[in-house]
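Good morning, and thank you for making time for this presentation. Please look at the chain on the screen as I go through it.

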Amino acid sequence: MMKVFLICRGMRLKHPEDARRVPPVFSHLCVSFVLAVQGAFARGVVADYRSRSGKFCVRIFKKCEGAETMGKEQWAAVDRYFAGMLIPPDPALDAALQANAAAGLPPIDVAPNQGKLLHLLARMLGARTILEIGTLGGYSTIWLARALPPDGRLITLEVDPKHAEVARANIARAGLSEIVEVRLGKALDSLSQLVAEGHGPFDIVFIDADKPNNPEYFKWALQLTRRGSLIIVDNVVRSGAVADDANPDPGVQGVRRLNELLAAEPRVSATAIQTVGVKGYDGFIIALVTDDQ
Ligand SMILES: C[S@@+](CC[C@H](N)C(=O)[O-])C[C@H]1O[C@@H](n2cnc3c(N)ncnc32)[C@H](O)[C@@H]1O
C-alpha cells in the first residue's frame, strides 16, 4: 500500500497522455488520490467511475479540466451578477480601469466586489487614515479613499513611476487628490520614511504589493497601527498553492512566512478567507490589531 501511495504521490497529470501511463493495476486503487492531486471537482467525477483501464483515467482528466474551466466561467458570471446588482456603474472607477488598460498596466487590481468590501470595512471602522502598500492604477485606492471623511488621509506606496503617474491621474479624476498621497519608491524605503516622519497610527493598512515582502510589510504595518486597526493582505491563497509547504514560489513562501508571524504575534487576531471570482481563485487575510504597540 505504501508503494502504491508513493507511486501516486509522484504522479503529476498535466496532459491526457499522462493519464494513459497510469498502470491499470494501480488505477483502481489510485483514483481518489489522483483526483485529490488534480484538486478538482471530485464529487462529480467519482460518480462516473466504471473502469480500471488507462482510458478511464483519461476520461477523469478531461472531466477535471472541463470542470475547472466551467468553474472559472461560473465564478466570473456570479461575480458579474452580484456586481450588476450591488455595485452601480461608477464613472471614476470605470474610467480608472479603462485608463489602466490604455496605459498597459496589468489587470491585477482588486475585483469590484473586493474593492467594495474594502470600502465597507473602512466605513464600518470609521477609518480616518489608511495606508496602502501597492497602488497600481489606484483602483483599490479610490474605493478605500471614498470611505474617508473630508479631512481623512490615505497614503499609497508604489515603486513603478508609470503606475504612480496613472494612479495620480485616476485619483484626480475621482476628486480625491486632496486626501490621497501617492508615494513613489520601494515600499520598504517609504515605510521607514513614514515612521521617521511620524506618520501613523493608521486605521487600516492594505498590503497588496510584491508578495515575497509580505512578512516585512506586516512588521511595518504593525508598527504603524494601533489597537483596533485592521491589517488586510491580498492574494494569500495563490490558487491553493499556499497550502503546499514545498512550493518554491517566493510569493507562496512570503505568504507562508507571514502566516507564521501572524500565528506567533499576540498583538493581532487574524483569519484568512478563500475567494473565487473574476480574478480566479485566491483570498485575503484580515488581522485585527488587539493591543497597542
Ligand atoms: C497587485 S498590484 C496593486 C493593485 C492595487 N492595490 C489595486 O487593487 O488596484 C501591486 C502593485 O505593487 C507594486 N509594487 C511591487 N513591488 C513593490 C515594491 N517593492 N514597493 C512598492 N510597490 C511595489 C507594483 O508595481 C504594482 O503596481
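Predicted model: local features only at pLDDT ≥ 70, side-chain atom pairs only at ≥ 80, totals over all residues.

I begin with R238, which counts as buried because 20 other C-beta atoms lie within 10 Å. Throughout, a residue is buried if 20 or more other C-beta atoms lie within 10 Å of its own, exposed if 12 or fewer, and partly exposed in between, with C-beta atoms placed from the backbone. R238 is not a glycine, yet its phi is positive, at about 55°. This residue sits in the loop between strand 5 (230-234) and helix 12 (250-264). Helices (H or I, at least four residues) and strands (E, at least two) are DSSP runs, numbered from the N terminus.

Residues are numbered from 1 along each chain as its sequence is written. The mean pLDDT, the predictor's confidence in each residue from 0 to 100, is 84 for the chain, and 76% of the residues reach 70 or more. Over residues 1-54, however, the pLDDT is below 50, and this stretch has 56 contacts in the model beyond near neighbours in sequence. Two residues are in contact if their C-beta atoms, placed from the backbone, lie within 7 Å.

L136 is in the loop between strand 1 (129-133) and helix 8, and counts as buried because it has 26 C-beta neighbours inside 10 Å. On the backbone, note also the cis peptide bond from G200 to P201, with omega near 0°. P201 belongs to the loop between helix 10 (187-196) and strand 4 (204-207).

What of the interior? The largest nonpolar core has 60 residues, of which I130, I207 and I231 touch the most other members. Such a core is a set of buried Ala, Val, Leu, Ile, Met, Phe, Trp, Tyr and Cys residues joined through C-beta atoms within 7 Å. Leaving aside neighbours within four places in sequence, the contacts of I207 include I133, Y217, F218, I231 and V233.

I285, in strand 7 (residues 280-289), is buried because 23 other C-beta atoms lie within 10 Å. Not counting residues up to four places away in sequence, I285 touches I232, V233, V236, A270 and A272.

Which residues of helix 9 are buried? They are H163, A164, V166, A167, R168, N170 and I171. Their cover includes helix 6 (91-102), helix 8 (139-145), strand 2 (153-158) and strand 3 (180-184). After helix 9 comes G175, with a positive phi near 75°.
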